[in-house]
There are 2 protein chains.
Amino acid sequence: MRGSKLVNRIGNAFAALVGAALLAAPAAAEDGYDLWLRYAPLEGEAREILAGLSLHPDVPDELVSDPTIAVAVAELERGIGSLIGESRTTPQTRFDIDFDCRNEDVGGIPGAYRIARLSGGDGLALTAPDSGGCLYGTFALLRELSLGQDPRVVDLVSAPAMPLRMLNHWDNPDGHVERGYAGRSIFDWWHLPERLDERMIDYARANASIGINGVVVNNVNARAFMLEPRYIAKYKRLADAWRPFGIRLYVSARFSAPQDIGGLETSDPLDPAVRAWWKAKADEFYRAVPDFGGFLVKANSEGQPGPQDYDRTHADGANMLAEAVGNRGTIIWRAFVYSETDETDRAKQAYAEFVPLDGQFADNVIIQVKNGPLDFQPREPFHPMFGAMPNTKLMLETQITKEYLGFASHLAFLAPMWSEVLEAETGRGGTVAEVVAPAGIAGVANTGSDRNWSGSDFDQANWYALGRLAWDPSLSSERIAREWAVQTFTRNPQAVETIAKMMLDSREAVVRYMTPLGLAHLMATGHHYGPAPWVCDLDRPEWNPCYYHRADADGIGFDRTASGSNALSQYADSVAARWADPQTIDREYLLWFHHVDWNARMHSGQTLWEELVREYDRGISEVDAMAEAWNGLAAAVDPQRHRAVAENLAIQQGEARWWRNASIAYWRSLNGLPMPEGAAPPPETLEEYKARSFPEAPGQ
Amino acid sequence: MRGSKLVNRIGNAFAALVGAALLAAPAAAEDGYDLWLRYAPLEGEAREILAGLSLHPDVPDELVSDPTIAVAVAELERGIGSLIGESRTTPQTRFDIDFDCRNEDVGGIPGAYRIARLSGGDGLALTAPDSGGCLYGTFALLRELSLGQDPRVVDLVSAPAMPLRMLNHWDNPDGHVERGYAGRSIFDWWHLPERLDERMIDYARANASIGINGVVVNNVNARAFMLEPRYIAKYKRLADAWRPFGIRLYVSARFSAPQDIGGLETSDPLDPAVRAWWKAKADEFYRAVPDFGGFLVKANSEGQPGPQDYDRTHADGANMLAEAVGNRGTIIWRAFVYSETDETDRAKQAYAEFVPLDGQFADNVIIQVKNGPLDFQPREPFHPMFGAMPNTKLMLETQITKEYLGFASHLAFLAPMWSEVLEAETGRGGTVAEVVAPAGIAGVANTGSDRNWSGSDFDQANWYALGRLAWDPSLSSERIAREWAVQTFTRNPQAVETIAKMMLDSREAVVRYMTPLGLAHLMATGHHYGPAPWVCDLDRPEWNPCYYHRADADGIGFDRTASGSNALSQYADSVAARWADPQTIDREYLLWFHHVDWNARMHSGQTLWEELVREYDRGISEVDAMAEAWNGLAAAVDPQRHRAVAENLAIQQGEARWWRNASIAYWRSLNGLPMPEGAAPPPETLEEYKARSFPEAPGQ
C-alpha cells in the first residue's frame with residue numbers, strides 16, 4: 001500500500017529528475033556535441049519508406065580502398081542507421097547507391113556531385129568527378145533524408161561556387177583562443193602528435209558535411225615556434241587524419257620567423273638568405289604534409305612584423321612566400337592593415353595600401369579582405385576593395401565568432417549579414433560573391449572545448465551557415481536556417497517555423513540595440529564586451545569609440561563624404577552616388593557616412609534622436625520576442641538544450657537593455673535632449689554605466 | 001552481383017570505420033564523460049536477477065519532498081535502468097527499497113548508512129540518520145550492483161571516517177586552471193548566475209557518489225573581486241544546485257580584500273574596521289548561501305598577503321575570519337608557507353611557524369597541511385606537523401592533479417601514495433589518518449573542460465580514490481583500483497586484473513624514473529614539465545633543483561640529520577631514530593635525509609650510483625610493461641578510450657626515457673663515473689637535454 005502509493009507521489013515529486021535520469025543516454029547525447037549531424041530518428045511515413053529499403057552502397061573496385069569513399073560509405077551507414085532508429089523493420093526492397101566518382105559528366109569542378117534516380121534499377125546514382133564530390137554528395141543526400149525527403153525521388157546537382165572554403169582559427173598554442181567564447185582551443189598541441197583527440201575526427205566530419213575544405217589551425221597573430229619541426233610533426237598527424245575528409249591544413253606564419261627561429265639577421269623578403277630560409281621551410285612542410293595548403297600571413301598590422309619593416313611592399317612579402325611554396329600551395333595575405341602612424345580614416349587604409357598593388361601579386365597569392373572596411377561590426381558597408389583589384393585574387397574574410405555581436409550568449413544568426421555582403425553590387429563588374437568566386441571565403445572559427453563546440457547551441461548555426469554560403473552564396477538565409485533547425489533541433493513544423501523566425505530576426509535586433517543607423521565600434525576597450533561609447537582617451541585616435549561616432553552637442557556620425565574623410569570615394573561611382581546624400585542613403589548606413597544633426601528630420605517624420613531611441617527600443621522588444629517564442633518550444637526541444645538557450649536569451653535580454661540604457665545615457669550627456677515621448681529614461685546614471693568593469697572578460 | 005560482392009569487400013575495407021559508425025551512440029557515450037557512473041549493462045545471471053525484480057523505492061511521506069531523497073531515488077532509477085539495459089524482461093518479484101533516513105540506530109554520524117535485508121518482505125532496508133546517508137547508501141548500493149552483487153544479499157554498514165571530504169579547485173576566474181592539465185575550468189563564472197552548465201549537476205553527482213561533501217571553487221592564489229556581490233550571486237546559483245547532493249561551497253579569500261575591494265587602509269586582523277568588514281562580508285555570503293562552508297586562505301606564502309604583514313600571527317589572521325563566520329562555517333588555513341627571507345631548510349618552515357601556535361586557533365579553524373613537508377613530490381615522508389599539534393584541528397591536503405607526476409599523460413594511480421601517508425605512524429598518538437580524523441582531507445582537483453574531466457581516463461581514478469579514502473582511509477589501493485576499473489572500463493575479470501596491476505605499480509614507476517631513492521623537486525622551472533636537475537641559478541635557493549639534490553663530485557642527497565639541516569628533529573624520536581641512520585632508513589627516503597657518496601655500498605651490494613641507474617631503468621621497464629599490458633586489452637575496452645590511453649602510455653614511455661637520460665647525463669657531469677655494467681648511456685648530450693624548452697607548457 002504505502003510503497004505503491006508513494007511511488008506515484010514520488011513520481012510527481014521529481015518527474016523531471018527521473019525523466020532526465022531514465023533518458024540518461026539520449027539526454028547526454030543532446031548536449032549539442034552532435035551538431036547538425038544528429039540524424040534524429042525519422043517518424044511516420046518517412047521512416048517507413050527508409051526502413052523499407054535495404055541499402056547497398058555500390059562501390060567500384062578501384063574505389064574500394066579510397067579513404068574518402070570509405071568515410072562516405074561509413075557516414076551513409078551511420079546516418080541511415082540512425083535515421084531509421086532502433087526498431088528496424090525487415091526491408092523489402094533492395095536499394096543501390098551507385099558510387100560513380102570519376103565521372104566528368106558533372107563538369108570538372110572538384111567536389112561537384114549529382115544524385116539522380118538510378119537508370120534501370122531501384123536506387124540512386126551518385127555521380128562526381130572525384131571522391132570529394134561523392135563525399136559531399138553523400139552528406140547532401142543525408143541532409144535531404146534528415147529533412148524528410150523520400151530517397152526514391154532525390155534529385156540533386158550541385159557544385160561549389162568557389163574553390164577555397166575555409167575556417168581560420170585564432171587559436172594560440174597555449175590553448176587560449178583570441179576572440180574565443182567557447183572555452184579552450186580544440187587543438188591539443190601539447191599532446192600531438194602522439195595523441196589525437198577523437199574530436200579532431202568529429203571536427204573534420206562536421207566541416208566536410210558543409211563543404212569546408214581548408215583549415216588554418218593557428219592565430220594570425222602567430223608565434224614563430226609553430227614553424228619548428230616539433231610542430232610540423234603535429235600538423236602531419238592532423239593532416240593525415242583530415243585528408244580523407246577533403247580538408248587541407250594551413251598554418252599562420254610570422255613574417256619575422258627567419259630572425260625569430262632561423263637565426264638570420266633580417267627578414268627582408270628580397271634578401272637571398274631569407275628567401276632560401278622560407279624555401280627550405282616550405283620544403284620541410286611538404287615533406288611531412290604533401291598536400292599542405294599554405295601560409296596565412298598578417299603583416300604590418302597591429303604591431304605584426306612585415307615587409308614594410310624593410311621598405312618593401314605587401315607584394316614583395318607575399319610573392320617571396322609564394323615562390324617558397326610554389327605550385328604546391330597558396331599564400332593568403334590579409335588586407336586588414338592599419339598603421340600606428342597613419343592619421344587618415346582607418347576605414348580607408350587597406351584600400352589605399354593594396355589597390356595600387358593590383359596585378360603585382362603572384363598567381364598563388366590570395367588577398368583576404370574583411371567583409372567591411374573596419375572590423376567585423378554588427379553592420380558595415382561592403383569593403384571597397386571588392387571589385388577594385390580586377391587583376392588580383394580576393395577572398396572574403398568573415399568572423400563566425402561573435403567578437404562584436406554579444407559573444408556566445410547573444411543569439412545572432414549571421415547568414416543575413418554575410419548574404420548582405422555577398423549580394424552587394426560592387427559597381428565594378430559584379431557582386432562581392434562574383435568577385436571572390438575565383439578564390440573563396442574564410443570564416444574566423446567559433447569553435448572551442450565547450451561540449452556544444454560554439455559556446456551556445458545557436459552559434460553552431462553560424463558555423464553551418466558559413467560553410468553552406470561558401471558552397472552556394474545564392475542560398476537564402478531562410479533556407480539555411482530551416483535546414484539547420486530541422487537537423488539540429490526538431491522536425492516539428494511549428495517549432496521549425498518559430499526557430500527560423502527567431503534566427504532571421506536576430507542579427508538586425510543586435511544591430512538595433514548595439515549600433516543602430518550605421519554606428520560602429522562603440523564596444524568597451526580590449527575585450528569589446530558591452531557598451532562604452534564614452535571612451536575617448538586611448539593613445540591612438542582609432543582605438544576610441546568617440547573616433548567612430550563623432551557625437552557632439554549638435555549631432556552624431558562620421559562624415560565620410562567629400563566634406564569629410566571621403567572614404568566614400570573608394571567605392572564605384574554608382575555606389576558612392578547612392579550613399580553620398582543623407583536623404584537617399586540606405587538608412588542603415590546613415591551614420592557610417594554622414595554626420596547628422598540630432599534634430600534632423602528623418603523620412604519617418606521623427607528626428608534622428610527620436611528614431612535612434614526607437615531603434616534601441618525595437619531591438620529590445622525583438623529580443624524579448626525571441627525569448628518568449630523560445631519559451632513556447634519547451635515541448636519540441638530536449639530539456640538540456642532548451643534550458644541552455646533560454647538562459648542565454650535571459651542574458652541577452654539583460655544586456656540589450658544595458659546597451660540601450662548606457663548608450664542613451666551617454667548621448668543625452670552630449671545632446672541634452674529629453675527622452676522622446678513614451679521612451680523610458682535609463683534607470684542608472686552614466687557614471688554607473690561607466691563604472692562597470694570586467695577584468696575577467698573572455699577572448700582577449 | 002557486383003554490388004553485393006563489393007559490399008563484402010567494402011565491409012573489409014573499412015570495417016572499423018563502419019563499426020564505429022553503427023555504434024555511434026554508445027561509442028560517443030564512451031568518451032569518458034560518464035566517469036565511474038556508467039552503469040554499463042550487466043550480463044548473464046547478474047542481469048537476470050536484477051531484471052527479475054520490480055523495484056519499489058519506498059519513501060515515507062515526510063521525505064517525499066526532500067530534494068536529496070529525490071536525487072537518491074532518481075539515481076537509483078537511472079542506475080538500475082541502465083544496469084538492466086535495453087531488453088527489460090517483465091519482472092516477477094516486487095522488491096522494496098525502504099528509505100529510512102531519520103534513524104539513529106546507525107549512530108549519529110552524518111552520512112552514515114546501513115543496507116540490510118528488509119525484515120518481513122522482499123527488499124532492502126536503507127537506514128541512515130539523515131538524507132545524506134540515504135544518498136550515500138544509494139550510491140553504495142549501485143556500486144555493489146555494478147560490481148555484480150546480488151541485490152538480495154547486499155549487506156553494508158558504513159560511516160565516513162572524517163567530517164570534511166573536499167576538493168580544492170585552483171581555478172582562476174578567467175578559466176585558467178593553475179596546475180590544471182584537463183583544459184579550462186569547469187566553472188563558467190562568465191555566464192553564472194544566469195546560465196548553469198549541466199556539467200555542474202554531473203559534477204555534483206560524481207562527488208556525491210564518492211562521499212565528497214565540500215568544494216572550494218577558486219584558486220588559493222585568490223583574486224579579491226571574487227568576494228564581490230556579483231560573484232556571491234554566482235555562488236548562490238551553484239550552492240542551490242549542489243545542496244541536494246550534500247555538497248557545501250567554500251571560497252578562497254584573499255587576505256588583503258579589505259584594502260583591495262573594501263577601500264580600507266589596512267588589512268590588519270586586529271584592526272576593528274577590518275574585523276567589521278569581514279563580519280559584514282561573511283553576513284553577505286550567508287544571506288545568499290545559508291549553508292556556505294567558509295573560507296580557505298593561503299596567507300604569507302609565495303607572495304600572498306597575510307597577518308605577518310602586520311606582525312600578527314597566523315592565529316590572529318585565522319581567528320579574525322573564524323569570528324566573522326562564527327558557528328556558521330569553517331576557516332581553512334593553509335600551512336604551506338615558506339618565506340622569501342628565511343634561509344633555513346624550506347622543509348622545516350611550516351612546522352617552525354605553526355607548531356608554536358598549537359592551541360591558539362579558534363574551534364572553527366582547521367589548518368590544512370600538505371602530505372609532505374615540501375610540495376606534492378612523487379614521494380615525500382609524511383609532514384612532521386601531523387601529530388605535533390594535539391590541540392589544533394589539522395586536515396590533510398593532497399594534490400589529485402599531477403603537477404609533479406607527469407601531468408595528465410603519465411599514468412600514476414595515487415591511492416598508494418596517499419595510503420602511505422595516511423597509514424604513516426606519527427609516533428605522536430597515532431597514524432596521520434587518526435590525526436586528521438576530526439577534520440578531513442582535501443584534494444587539489446584535476447578536473448577541467450576536457451570531456452573526460454581529468455585530461456586522461458586513468459586520472460579519473462585519482463579523483464575517485466581521493467573520495468573513497470577520505471570516506472574510509474583503511475580501504476586498500478587494490479580494492480579501490482578494482483572497483484573503479486569495473487565501473488569505468490569493463491567487468492572482464494582478466495582485464496580488471498590487468499588494469500588493477502597497471503594502476504598499483506604505476507606511481508612507484510614514476511618515482512623510479514623521475515626522483516628515485518628519496519630525491520625530490522628536480523622538475524623544470526615554473527611549469528615543472530620534465531627534468532632539470534641542473535638548474536641552480538634562480539634567485540631564491542629553494543627554487544633550484546640543486547638546492548634539493550645537493551649533488552657534487554662525491555655524492556648526492558640533502559643531509560637533514562643533526563649534521564645538516566636537522567629537519568629530522570621535527571619528527572617524533574621513534575620516527576627520527578628510524579631515519580637517522582643511512583644504513584637503517586627506509587631506502588625510498590635515503591637521499592631525502594642523507595647526503596651519500598656515489599660509491600657508497602647499498603644493501604644490494606651495489607654502489608649508490610649503480611643502484612640509482614638501476615632504479616631509472618626499472619622505472620622505464622615498468623612503464624613499458626604497462627603499455628604492453630594495455631595493448632592486450634583492445635578487445636575488453638571501447639576503441640575510443642583504448643586508443644586514448646594507449647597514446648598516453650606512448651607519451652609516458654618516451655618521457656620516462658627523457659627523465660632517465662637527462663638525469664643520468666647530469667649526474668655523470670658531476671661524478672664523472674662510467675655507466676654501470678649493462679646500462680646504456682644517454683643517447684643525447686647534457687647540453688641537448690638542457691636546450692629543450694616548452695614555452696607553451698600547460699598549467700602555469
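I began with burial: a residue counts as buried under 20% relative accessible area, exposed over 50% and partly exposed in between, with a 1.4 Å probe and protein chains only. By that scale Cys134(B) is buried, at 0% relative accessibility.

**Ground rules**

I am working on a predicted model, where local features need pLDDT of at least 70, side-chain atom pairs count only at pLDDT 80 or more, and totals for chains, interfaces and linings use all residues. Residues are numbered from 1 along each chain as its sequence is written, chains are lettered from A and ligands numbered from 1 in the order in which they are written, and side-chain values use heavy atoms, with hydrogens and water left out.

**Entry 1: disulfides**

How many disulfides are there over all chains? I noted 4 of them, taking a disulfide as a pair of cysteine sulfur atoms within 2.5 Å. A handy reminder: such a link is a covalent bond between the sulfur atoms of two cysteines.

I looked at chain A. Cys101(A) and Cys134(A) are bonded, with their sulfur atoms 2.0 Å apart. The torsion about this S-S bond of Cys101(A) and Cys134(A) is about -100°, so the disulfide is left-handed. Cys101(A) sits in the loop between strand 2 and strand 3 (113–117) of chain A, and Cys134(A) in helix 6 (residues 131–146) of chain A, so the pair ties together parts that are 33 residues apart in sequence. Cys101(A) and Cys134(A) are both buried. With the bonded cysteines of chain A numbered in sequence order, I read the pairing as 1-2, 3-4.

Then I turned to chain B. Cys101(B) is joined to Cys134(B) by a disulfide, S to S 2.0 Å. I find about -100° for the torsion about the S-S bond of Cys101(B) and Cys134(B), so this disulfide is left-handed. Cys101(B) lies in the loop between strand 2 (93–100) and strand 3 (113–117) of chain B, while Cys134(B) lies in helix 6 (residues 131–146) of chain B, so parts that are 33 residues apart in sequence are tied together. Cys101(B) is buried, with a relative accessible area of 1%.

Which hand does the link of Cys536(B) and Cys546(B) have, left or right? With 80° about the S-S bond, it is right-handed. Cys536(B) is in the loop between helix 17 (493–514) and helix 18 (545–549) of chain B and Cys546(B) is in helix 18 of chain B, so the pair ties together parts 10 residues apart in sequence. The sulfur atoms of Cys536(B) and Cys546(B) are 2.0 Å apart. Cys536(B) is partly exposed at 47% relative accessible area, whereas Cys546(B) counts as buried at 16%.

**Entry 2: salt bridges**

I searched the whole structure and got 104 salt bridges over all chains, each being a side-chain nitrogen of Lys or Arg within 4 Å of a carboxyl oxygen of Asp or Glu.

Arg379(A) pairs with Glu420(A), the closest N and O atoms being 2.8 Å apart. Arg379(A) lies in the loop between strand 11 (365–370) and strand 12 (394–399) of chain A and Glu420(A) in helix 13 (residues 415–422) of chain A, so they tie together parts 41 residues apart in sequence. Arg379(A) is buried at 6% relative accessible area, and Glu420(A) is partly exposed at 24%.

I also checked Glu611(A) and Arg587(A), whose side chains meet in a salt bridge at 2.2 Å, N to O. Glu611(A) is in helix 21 (residues 608–631) of chain A and Arg587(A) in the loop between helix 19 (573–580) and helix 20 (590–593) of chain A, 24 residues apart. Glu611(A) is buried, with 1% relative accessible area, but Arg587(A) is partly exposed, with 32%.

Asp31(B) is in the loop between helix 3 (24–29) and helix 4 (44–51) of chain B and Arg451(B) in the loop between strand 13 (440–444) and helix 15 (460–471) of chain B, 420 residues apart. Asp31(B) and Arg451(B) are both buried.

How values were computed: Helices (H or I, at least four residues) and strands (E, at least two) are DSSP runs, numbered from the N terminus.
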